[in-house]
Amino acid sequence: MSAGPDTPAALWRRNLPVWAALMALLALSAWAAYWPFKTLNTVTGFAIAGAKAGLVLLVFMQLRRASGLVRLAAACGLFWAAILFTLTLADVLSRLAGG
Amino acid sequence: MSGAPGEAGAAAHLREPWSELETGPAAAFARQRDGATFGIWIFLASEVLFFAALFLIYTAYRIANPEAFAAAGRATNIVYGTLNTAILLTSSLTMAMAAQGAEKGLFRRLTLGCLAATAALGLAFLVVKGFEYREDIEKHLVPGAHFALRQAPAQIFFGFYWLVTVVHAIHLGIGIGLVTRLLVKGWRDPDVLTENPQVEVTALYWHLVDLVWVFLYPMLYLPGRAG
C-alpha cells in the first residue's frame, strides 16, 4: 500500500514513534489531571484523548491512506454523534443557564 | 488499493464464487478487500454512535452534578486506569504491526508474533480490570444501599462506570477471540494470512475498542484529582 522498503525493521520504524507519542500523551494526561485548575484540567484531558484518537485513526487504522469512501464512512459516525451531542447539550445547557 | 496479488493466490482467497464475465480473480479480490474495509468502517461508525450515546449521558449528568462527579472520579484507582490505557495503546501497536505485516505478505513470523502479543495484552487488560473490580467492590463503589460516597449523584457516575466498563470488556473479549482465531488459522496454514482482508477487519475493530477506552480514561479516572 505504501512506498518504502518492505522489511520488519521498516514497519517498526514507522509505527514505534507513534506508540512513543501515545505513551507521552498518556503521561502528560495523567500529570495534567493534578494541575490546580478545574476546567482547564478537564479540557486538557479530553484534548489529549482527541490527539491520541487522531494518531490511532490516521496511522494505525490507516485513514491517512484510505479511499474517499472509507473516510466518508468514518466521518459519518462522528458527524451523527456531533448532531446528537449538539442538540442534547443545547437543551441541557440552556436549562442550566435558565436556573 | 493494494497491489494485485498473484492470480492463484487471489483465487484461493476469494470468498464468493466469482463469475468470469467481468474480471479475473486478481481484480475481484481487490474489490473484495475494498468491500471488507468499507463494511467494517460502516460497522465501526454504528459502534461510534452506540458509545456516543453512553458518553452523552455521562456528559449531561456531569454538567448537572460537577462536585459529585469529581468526588466519584477521585474514588477510582488511577494507577489501574493508567496502566490499562498503556496496555491497550501498546496492543494497538502490535495489532497495527500484525496487520501491516500481513498486508505486505512477507513476514509470517512478525504477523503471528504480533497477533499473539495483541491477544496477550488484551488478556492482561482484563486481568488488571479484574483486580480493579475487586477493589471497587471492597470499597463499596457499587451503587446501592451500602454505597461509599455521600453525594447521591456519585451513584450515577458509578452506574455509568460499571455499565460502560463491562460493555467495553465484552467488546475486548470478542476482539481477543477474533485475534486468537487469526492466530490459529495463521499457525495451521502459512499462507492464509497473506493479504487476507480478515486481518485488516479484525485490526480495525481492535483499534476502535482501544479508542473507546482512550476516551473513557479522562471520563472515569481523571476527574477531581486537583486539590
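Student: What percentage of the 227 residues in chain B is made up of buried residues?
Tutor: Buried residues account for 43% of the 227. Keep in mind that this is a predicted model.

Student: What makes a residue such as B:L183 buried or exposed?
Tutor: Count the C-beta atoms around it. B:L183 has 20 others within 10 Å. The cut-off for buried is 20 or more. Therefore B:L183 is buried.

Student: Where is B:L183 found, and which residues is it in contact with, leaving aside its neighbours within four places in sequence?
Tutor: B:L183 belongs to helix α6 of chain B. With those neighbours left aside, its contacts are B:L112, B:L115, B:A116 and B:A119.

Student: Is B:E195 buried or exposed, and how do you know?
Tutor: B:E195 has 22 C-beta neighbours inside 10 Å. Buried needs 20 or more. So B:E195 counts as buried. B:E195 sits in the loop between α6 and α7 of chain B.

Student: What is the phi of B:E195?
Tutor: Phi is about 55°, a positive value, and B:E195 is not a glycine.

Student: Which other residue has a positive phi without being a glycine, and where is its place?
Tutor: B:H140 has a phi near 60°. Its place is the loop between α5 (108-138) and α6 of chain B.

Student: How do α1 and α2 of chain A pack?
Tutor: Helix α1 (residues 8-32) and helix α2 (residues 39-60) of chain A pack at an angle of about 170°. Their axes are 9 Å apart.

Student: Why is there a name for that arrangement of α1(A) and α2(A), and what is it?
Tutor: Over 145 degrees counts as roughly antiparallel. The angle is about 170°, so α1(A) is roughly antiparallel to α2(A).

Student: Which residues make the contact?
Tutor: From α1(A), they include A:V18, A:L22 and A:L25. From α2(A), they include A:I48, A:A51 and A:L55. By class, the contact residues are eleven nonpolar, four polar and one charged.

Student: How many residues of chain B are in contact with chain A?
Tutor: In chain B, 45 residues are in contact with 42 residues of chain A. On the chain B side, α2 (25-64), α4 (78-104) and α7 (197-220) each supply at least two residues. That side has 30 nonpolar, eleven polar and four charged residues.

Student: Which residues of helix α3 of chain B are buried, and what covers them?
Tutor: The buried ones are B:A68, B:F69, B:A70, B:A72 and B:G73. The cover includes α2, α6 (154-188) and α7 of chain B. B:F157 is in contact with B:A68, B:F69 and B:A72, leaving aside its neighbours within four places in sequence.

Student: How many residues has the largest nonpolar core, and which have the most contacts inside it?
Tutor: The largest nonpolar core has 76 residues. B:A98, B:F157, B:A203, B:L204 and B:Y217 have the most contacts inside it. Its largest share, 16 residues, comes from α7(B).

Student: How many helices and strands has chain B?
Tutor: Chain B has seven helices and zero strands. Its C-alpha atoms fill a box of roughly 70 × 30 × 30 Å along the principal axes.

Definitions and conventions: Residues numbered from 1 in each chain as written. Chains lettered and ligands numbered in written order. Predicted model: local features only at pLDDT ≥ 70, side-chain atom pairs only at ≥ 80, totals over all residues. Axes fitted to C-alpha atoms, helices over the stretch in contact; angles between N-to-C directions. Parallel < 35°, antiparallel > 145°, perpendicular 65-115°, else oblique. Contact = placed C-beta atoms within 7 Å. Nonpolar A, V, L, I, M, F, W, Y, C, P; charged D, E, K, R; others polar. Buried ≥ 20, exposed ≤ 12 C-beta atoms within 10 Å, placed from the backbone. Core = buried A, V, L, I, M, F, W, Y, C linked by C-beta atoms within 7 Å.
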